[in-house]
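Student: Please take a close look at the aromatic pairs here. Then carry on to the contact between the chains.

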Amino acid sequence: MKATRSMILVSSDQESMDRGALEVFETLQKQLVTFGLEEEISISMVDDISKRGASPLILVYPDAVIYGPVTPADVPFIVEEHLYKGRVVESKQISPYDLSGRVAWLSSRKGTLPAEHRIVLKNVGLIDPEKIDEYIINEGYEALGKILREMSPQETITTLKNSGLRGRGGAGFPTGLKWQFVAGAKGDKKYVICNADESEPGTFKDRLVLEGDPHAIIEAMMIAAYAVGADEGYVYIRGEYGLAISRMGKAIEQAREYGLLGENIFGTDFSFDLHIHAGAGAYICGEETALIESIEGNRGEPRPRPPYPTTAGLWQKPTLVNNVETLANIPAIVRNGPEWYKSIGTHSSPGTKVYTILGNVNVTGLIEVPMGITLREVISIYAKGMKDGGSFKLAQTGGSSGSIIPASLQDTPMDFDSFSKAGVSLGSGALLIANEETCVVDLAKVLLNFFRNESCGKCNPCRIGNQRSFEILTNISEGVGTLQDLKDLQMLSDQLYELSNCGLGQTAGSPLKDILAHFKAEVEAHIKLKVCPAGVCPMSGHRTY
Amino acid sequence: MTVEVKEGQDIQKVVQLLIEHHGHEKSELIPILQEINSKFGYISDDAITEISERMNIPSSHIYSVATFYRMLSTERHGQHVIQFCESAPCHVAGGRMVWERLQKELGLKKGETSEDEKWTLLTTSCLGVCGVGPVMVIDNDIYGNVTPEQVPDILSHYS
């Protein structure tokens, strides 16, 4: 396969096929030949873009222009004007908004919005994830070749350490250091695990990487395996992600066919093989020791630590567990060097971060931007402002590891250290942005409902603390709360943090802490005045608990 | 399914085929339970007993695993299973109104199965398609940007 100057994608979902997508595709092929462009421009059909009423669509890269609905009769003109002469055919061009599917969001970014900085999502939406050749031509497996030929395992780890990469699963632990621990652990057998059990509410960045660029994860896991001395790996993908599981399965098969997975890779002593383990629906399995228990065939209940997985993980062997987004950074770091990586983002948190933008804003979806951007910038630039002229009230940064962030913190740079200084957490990168119609009691109730359902139940502070917090919040939302409830919520939040066995319980209390710190007056209004200022809570006067 | 199951094949035979395919390692327990669940809609006591004998795993362990994970069920569900996302992003995007309408249309509450065994109504945590919330899943079909008004129409697609 060779490089092309432009790429065309034709939608091939069911609606597009019913409306003649295949004919459009064939006409395009013929027209490219007519203009002598067939060597310069590649063309593929992709089944996961659609826009109701505008099918079939064609997308032209790198311009990211979308045309639809396109008939075979439109094709000659589009090819001549846009691809031959370089002029966009505005009469057939449509807006990227309301498009659904993998490519949709990505295409909307170019040209219309300030540039993102894409490392993790470099290939997503631009290559066919089911073709290994397309990955290879985009610098794929180059980093693997480089370390196997030119670098020792320790040099690989040093590169990672120098890059300053920190884990993107939520905790922000330095990745190179984790690798060093596993490399230094005693053991004849070691494992590498990719944590793709993405279940933080509002987060779907890992899904997009798995669906759009699965080979990047395979390559990164092999680099990690070489560095720490492992020869076997697992990708633990949450069971609900059917497409991601199937694409990763195909990618592994193709890598095996190409001799990239297996024995004596690239003629070296390094061997590595990879398996997929599909989750069965449990948020807690994103916690690394619970994930390991689950692979072993047990309930996903976190283990007490120490020992950490780096010394005694899967089947008690030293095990490296890294998040999808963390891994997706690694091939680029190896290719371009640690200094390049450190030049992006902030001093303490180099690199980019992928955010999912959700809630009451004009544009929701996925962006990848350098660490250190502020919430205000995300809302005004990428999300195109609050929906229906609403005003920004708070942002929830996603799942157990996140925080409720008030408007007063919207100019804090979003990186691990600045957020931690401000007493909040970046979490998984979900940014649920809410307007003044959102009630903090109601939001905290929804979050605690999530935690009480997802607590594995093994330790008391988490199992009982989350249930009791939910009950108190329910009472407050029904207008039967007391001022003592506020003290109890604070106490429960502290106890969850201090006494829980794992990260789920330790962070489950943070919504309580956050609403009491930033929105106490609103909570008190429910109790003292029996009024929900946002008009959301039922305030029925009935006591359920 | 990695193992072809013929119509009417009994659970003992299915378990045997699955174990032949996956092997006897305990790490294969969850993949085997997932396949049984997707074929039969739930994991019956008979299935647990059969797996226990063939894999030499205590049935108490199998039961504890089968009841831990949300995608596995030890109870028989209705013909169609509806899962409604109750996580914060869908909630903020208007999920509460859709949920109320859904309960009203079906006459069911969370966790209930209709008398004619057509519907089971469940809630679920985030499904990772938050860009199009509120989200509900019926069997394997995902519906995004659902409004309360669309609920009767969506339900009418299932006979």
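Tutor: B:Tyr69 counts as buried, at 1% relative accessibility (buried is under 20% relative accessible area, exposed over 50%, partly exposed in between; 1.4 Å probe, protein chains only). B:Phe68 is buried too, at 15%. This is a predicted model: local features need pLDDT of at least 70, side-chain atom pairs count only at pLDDT 80 or more, and totals for chains, interfaces and linings use all residues. Residues are numbered from 1 along each chain as its sequence is written, chains are lettered from A and ligands numbered from 1 in the order in which they are written, and side-chain values use heavy atoms, without hydrogens and water.

Now the rings. Over all chains, a search of the whole structure gives 15 aromatic pairs (rings of Phe, Tyr and Trp, the last by its six-membered ring, with centres within 6.5 Å; planes under 30 degrees apart are stacked, over 60 edge-to-face, the rest tilted). A:Tyr191 and A:Tyr234 are a tilted pair, because their ring planes stand at 50°, with centres 6.4 Å apart. This pair links distant parts of chain A: A:Tyr191 lies in strand E7 (residues 191–196), A:Tyr234 in strand E8 (residues 232–237), 43 residues apart (strands, E, have at least two residues and helices, H or I, at least four; both are DSSP runs numbered from the N terminus). A:Tyr191 and A:Tyr234 are both buried. B:Phe68 and B:Tyr69 form an edge-to-face pair, since their planes meet at 75°, with ring centres 5.0 Å apart.

The charged end of A:Arg452 sits over the ring of A:Phe470, 3.8 Å from its centre (CZ of Arg or NZ of Lys within 6 Å of the ring centre and within 35 degrees of the ring normal).

Next, the contact between the chains. It takes 44 residues from chain A and 30 residues from chain B (heavy atoms within 4.5 Å). Together the chains bury about 2800 Å², 57% of it on carbon and sulfur atoms (accessible area, 1.4 Å probe, lost on being put together and summed over both). A:Ala280, A:Arg299 and A:Val446 supply 20% of the area that chain A buries against chain B, more than any other three residues.

Two salt bridges are counted between chain A and chain B (a side-chain nitrogen of Lys or Arg within 4 Å of a carboxyl oxygen of Asp or Glu). B:Arg70 forms a salt bridge with A:Glu240, their closest N and O atoms 2.9 Å apart.

Note on methods. Buried area = accessible area lost by both parts, 1.4 Å probe.
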